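Student: I am new to this structure. Please show me how to read it.

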Amino acid sequence: MTKSGGGAGPGGADAESWRLRELQQLRVQEAVDSMVKSLERENIRKMQGLMFRCSAGCCEDNQASMQQVHQCIERCHAPLAQAQALVTNELEKFQDRLARCTMHCNDKAKDSIDAGSKEPQVKRQLDSCVSRCVDDHMHLIPTMTRKMKESLSSMGK
């Protein structure tokens, strides 16, 4: 919800709502960061090692042309690039879903204001709605992590 002209006093409910939403955002960010670190440590790093060893092997073939070496290295890089694209895509989908949920909360709050509800009540409803969005999406992270790890494991083979 955008700030409207009226307020709930200096630093009162407005500041409290802002802090609550910042804490919710931080909660999601920390969970996503933890997931990405786990994926990097357990899956991506192994793929990077394979890619570098494979690429080094391409360079050891003295009979290969420059173009053949380049194509060999490209083949070595493909699984890692595919893995990184998968992670990026899943994170974007997750962020889009969370953004749509919070946008729905904002729309409901605007509708309540337009219908004549008082701003403090609407802010409480908005905070509650955003908290539900965050909670619902936090519950999706373990499943999303498991799905990505399975996909990454099959790519690394």
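Student: What is the mean pLDDT of the protein?

Tutor: pLDDT is the predictor's confidence in each residue, from 0 to 100. Here the mean is 88, and 89% of the residues reach 70 or more. Over residues 1–11 the pLDDT is below 50, and this stretch has 12 contacts (heavy atoms within 4.5 Å) beyond near neighbours in sequence. This is a predicted model: local features need pLDDT of at least 70, side-chain atom pairs count only at pLDDT 80 or more, and totals for chains, interfaces and linings use all residues. Residues are numbered from 1 along each chain as its sequence is written, and side-chain values use heavy atoms, leaving out hydrogens and water.

Student: Is N43 buried or exposed?

Tutor: Buried means under 20% relative accessible area, exposed over 50%, and partly exposed in between, with a 1.4 Å probe and protein chains only. N43 counts as buried because its relative accessibility is 10%. N43 lies in helix α1. Leaving aside neighbours within four places in sequence, N43 touches S38, K149, L152 and S153.

Student: How is empty space found?

Tutor: A probe the size of a water molecule is rolled over the atoms, and this shows where empty space is left. In this model, the largest pocket holds about 540 Å³ of space. Its lining has 19 residues, and R21, Q24, Q25, L98 and T102 are the closest to its centre.

Student: Which helix supplies the largest share of the lining of the largest pocket?

Tutor: That is α1, with eight residues. Each of α1, α2 and α3 (119–155) supplies at least two.

Terms used:
Helix = DSSP H or I, 4+ residues; strand = E, 2+ residues; numbered from the N terminus. 1 Å grid on protein atoms, 1.4 Å probe; cavity = no way out; pocket = protein on both sides within 12 Å on 5 of 7 lines; lining within 4 Å. Points joined across faces, edges and corners; volume = space filled by probe spheres on them.
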